[in-house]
Amino acid sequence: MKFGVLQFPGSCDDMDALYAARRVGDAELLWHRDRDLKGADAIVVPGGFSYGDYLRAGAIARFSPVMESVIAFAREGGLVLGICNGFQVLCEAQLLPGALLPNTNLRFTFRQVELDVIEGDTAFTSACQGARLSIPAKHSWGRYYAHEHTLAAMRAHGQVVVRYAPGENFNGSVDDIAGVCNEQGNVFGLMPHPEHAVDELTGSADGLCIFASMRLVVEGARV
Amino acid sequence: MRARVLIRPKAGILDPQGEAVMRALPALGFEGVSDVHVGRLVELTVDDASQIEPMCEKLLANPLVEDYEIVLDR
């Protein structure tokens, strides 16, 4: 399978996402001005500070030419993973419910966090059902927020995919939410960085299971 | 036409910037301050003022978490 990793001016985790995706399949960078997704089977919207995050994190990137194609791809059921700034972009694009707000401590925070996989029956977590993952997080706008009635619908549809483990919610996210998917289950965004945790050399390879799960779905669909 | 768009966090959503400012004021001797909120101001000149609201909905604000107010300068 082939992952397409978006690259915006200001992306900084695109190369790590490319490296992580290549641990489980082929992967190629997709420049923000191009509309061609080059036959990618799944898209990764990486972390960083797309377009400088001017105005609001992710607000300008969502209007880029490549995002037009990604939005159409997602609407057709294509798998899209958004990490950190990518999660913010997907929320701004309304492919995912809710919004990301400044951390309650108003600080950029970088730390290893423990995540509980709440929904193991998704395209992004089938390889790590019920697991507790150790993955780094680094952001200043990571406080997930959605209205209570939205949250109720999300819980009912199994859209709260990963939560910060007890005591790990450092940014003040509602309901300890670290990552959510859309109702159809083909778009997933999370603030922590699975692409930075794909090799024991850096302390944890727990992030690989997200990419491996995506591969299972794409390869399974081909059989 | 010159216009200003005032963008604020929606009521009920935690505003840590506002809280930080509110906590700092008494330290400088300003007592009796409450309900502090910090937002953004966008100033712009437009030919057609009716475009400002769609601009706010699409880009200038995130209506999910922010309220906006359009003030036209005469």
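Which residues have the most contacts inside the largest nonpolar core? Ala21(A), Ile43(A), Val44(A), Val80(A), Leu81(A) and Leu90(A). That core has 73 residues. Keep in mind that this is a predicted model.

Take Val44(A). Leaving out residues up to four places away in sequence, Val44(A) touches Phe3(A), Val5(A), Leu6(A), Ala17(A), Ala21(A), Leu81(A) and Ile83(A).

Now the chain A sheet. Nine strands make an open sheet, with mixed pairing. The order is β2-β1-β3-β4-β11-β10-β9-β6-β7. Which strands stand at the edges? In chain A they are β2 (26–31) and β7 (132–139). Each has a single partner strand, so one side of each is left without a neighbour in the sheet. From one strand to the next, the twist averages 25°.

Look at one pair in that sheet. Strand β3 of chain A, residues 42–45, and strand β4 of chain A, residues 79–83, pair in the parallel sense. Ala42(A) stands opposite Leu79(A) in β4(A).

Two helices come in here. Helix α3 of chain A, residues 85–92, lies across β3, β4 and β11 (187–190) of chain A. Helix α3(A) runs at about 120° to β4(A). Helix α5 of chain A, residues 208–222, packs on the sheet and touches β3 and β4 of chain A. The direction of α5(A) makes about 170° with that of β4(A).

On to chain B. Three strands form an open sheet, in the order β2-β1-β3, and the pairing is antiparallel. At the edges of this one stand β2 (40–45) and β3 (66–72) of chain B. Each has a single partner strand, so one side of each lacks a neighbour in the sheet. Here the twist averages 20° from one strand to the next.

Strand β1 of chain B, residues 2–9, pairs with β2(B) over six bridges, in the antiparallel sense. Arg2(B) stands opposite Thr45(B) in β2(B).

What lies across β1, β2 and β3 of chain B? Helix α2 of chain B, residues 52–60, running at about 40° to β1(B).

Last, helix α1 of chain B, residues 16–27. Helix α1(B) has 12 residues and reaches 17 Å from its first C-alpha to its last. That is close to the 16 Å expected at 1.5 Å a residue. Just after α1(B), Gly29(B) takes a positive phi of about 95°.

Technical notes:
Residues are numbered from 1 along each chain as its sequence is written. Chains are lettered from A and ligands numbered from 1 in the order in which they are written. This is a predicted model: local features need pLDDT of at least 70, side-chain atom pairs count only at pLDDT 80 or more; totals for chains, interfaces and linings use all residues. A nonpolar core is a set of buried Ala, Val, Leu, Ile, Met, Phe, Trp, Tyr and Cys residues joined through C-beta atoms within 7 Å. A residue is buried if 20 or more other C-beta atoms lie within 10 Å of its own, exposed if 12 or fewer, and partly exposed in between; C-beta atoms are placed from the backbone. Two residues are in contact if their C-beta atoms, placed from the backbone, lie within 7 Å. Two strands pair if DSSP finds at least two bridges between them. Helices (H or I, at least four residues) and strands (E, at least two) are DSSP runs, numbered from the N terminus. Axes are lines fitted to C-alpha atoms, for helices over the stretch in contact, and angles run from 0 to 180 degrees between N-to-C directions. The expected span of a helix is 1.5 Å times one less than its number of residues.
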